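I set out to record what I looked up in this structure, entry by entry. The entries below follow the order of my reading.

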Amino acid sequence: MRKPEFIYVSYIETTPEKLWEALTDGDFTERYWFGVHLRSDWKIGSTFEMVRSNGTVSDAGKVVEYDPPRRLAYTFVNLSDEYKGELPALATFVIEPHGKLVKLTLTHEGFAEGSKFLLGISQGWPAILSALKSLLETGKPLDIPYTAMKSES
Amino acid sequence: MKLDDFTPTTVYAIYIASTPERVWEALTTAEVSRQYFFGNAVEVDLKVGGAFIVRAPDGSLHIGGKVFECDPPRKLTVTFNVNWPALIEKLGPTLVTYEIEQAGSTVRLTMTESHDRPIDDDILSGGRAGWPAILSSLKSLLETGVPLTIQMQPPQRMLAALKRLGVATP
């Protein structure tokens, strides 16, 4: 039985510093993260929030690791009724130079067996991280409609 | 061999600013695949039962298989058997499915690797390391015109696991 977790690796033509900024600067995240502004003072233990363009907070948790430009980790859970009862899971980003590229490894773990939230984030991350890669490499994010993500069994 | 017997073990989805037709071409032609797939050339006879071959840069057979589903430019399912003696006897066939879907003005490409029996994570680690590199480079190629140059270390964890199983590797 595999652990209930989601792992995603992406190779990006950028620098660790630019990727770090892209993951932690709320104004930048708005450009590739379905308009979501990440809000935190990034101190360990501080609140971490995803703020939608209409100002509402969709997801919240805490900062766990902040080691620029190498490791970033935070917990969060979606606050909507759809995921009621789910506990915050831990998302860890590891940034490694890889030749002239950067290797980004996201591990999202700590889900209960059968978590609906795990299914949700498994659809969300490929879209968000694909748009991030496009934005850093081409200067243009992707136009992925939120509704284009689908359930995978 | 029945597709129903196969269970997904690795899934990788990536969104690309491109068209389904261009993504399909990238997955199924030698000249494009050489650019993003570590110099390997995909040769596929695009019909059910047709041959699916990946040639190493020196022309030797790297991966061999057959086409099981072919619905251009939406879905391609092939057996994807690395050409190492004893591999298929010990582990059974590897199935790879590419699904290509329009997602707004972008394309979602989903690669699913499946097996018809339980496979150890150590064995699967080879593909899990390779697919993100291959598909990251494919995305860059289609979006910027230039693939990524990704230097990969040999997949030691997988090679050690194969050795334990008695599968000889080059």
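**Sheet of chain A**

I noted an open sheet of 7 strands in chain A, with the order E1-E7-E6-E5-E4-E3-E2 and antiparallel pairing. The edge strands are E1 (6–12) and E2 (37–39) of chain A, each of which pairs on one side only. Neighbouring strands of this sheet are turned by 25° against each other on average, direction ignored. I took strands (E, at least two residues) and helices (H or I, at least four) as DSSP runs numbered from the N terminus, and two strands as paired if DSSP finds at least two bridges between them.

The model is predicted: local features need pLDDT of at least 70, side-chain atom pairs count only at pLDDT 80 or more, and totals for chains, interfaces and linings use all residues. Residues are numbered from 1 along each chain as its sequence is written, chains are lettered from A and ligands numbered from 1 in the order in which they are written, and side-chain values use heavy atoms, with hydrogens and water left out.

I then looked up strand E4 (residues 57–67) of chain A, which 6 bridges join to the antiparallel strand E5 (residues 71–78) of chain A. Ala60(A) stands opposite Val77(A) in E5(A).

Helix H1 (residues 16–24) of chain A lies across E1, E2, E4, E5, E6 (89–98) and E7 (101–109) of chain A, and runs at about 160° to E6(A). Such angles run from 0 to 180 degrees between N-to-C directions, with axes as lines fitted to C-alpha atoms, for helices over the stretch in contact.

**His98(A)**

I located His98(A) in strand E6 of chain A. His98(A) counts as buried because its relative accessibility is 19%; the classes are buried under 20%, exposed over 50% and partly exposed in between (1.4 Å probe, protein chains only). Leaving aside neighbours within four places in sequence, I found His98(A) in contact (heavy atoms within 4.5 Å) with Tyr11(A), Lys103(A), Ile150(B), Gln151(B) and Met152(B).

**Chain B**

I counted 5 helices and 8 strands in chain B. Of its 170 residues, 52% count as buried. The C-alpha trace of chain B spans about 45 × 35 × 30 Å along its principal axes.

**Helix H4(B)**

Helix H4 (residues 121–144) of chain B has 24 residues. I found H4(B) mostly covered, with 18 of its 24 residues buried. Just after H4(B), Gly145(B) takes a positive phi of about 85°.

Terms used: The expected span of a helix is 1.5 Å times one less than its number of residues.
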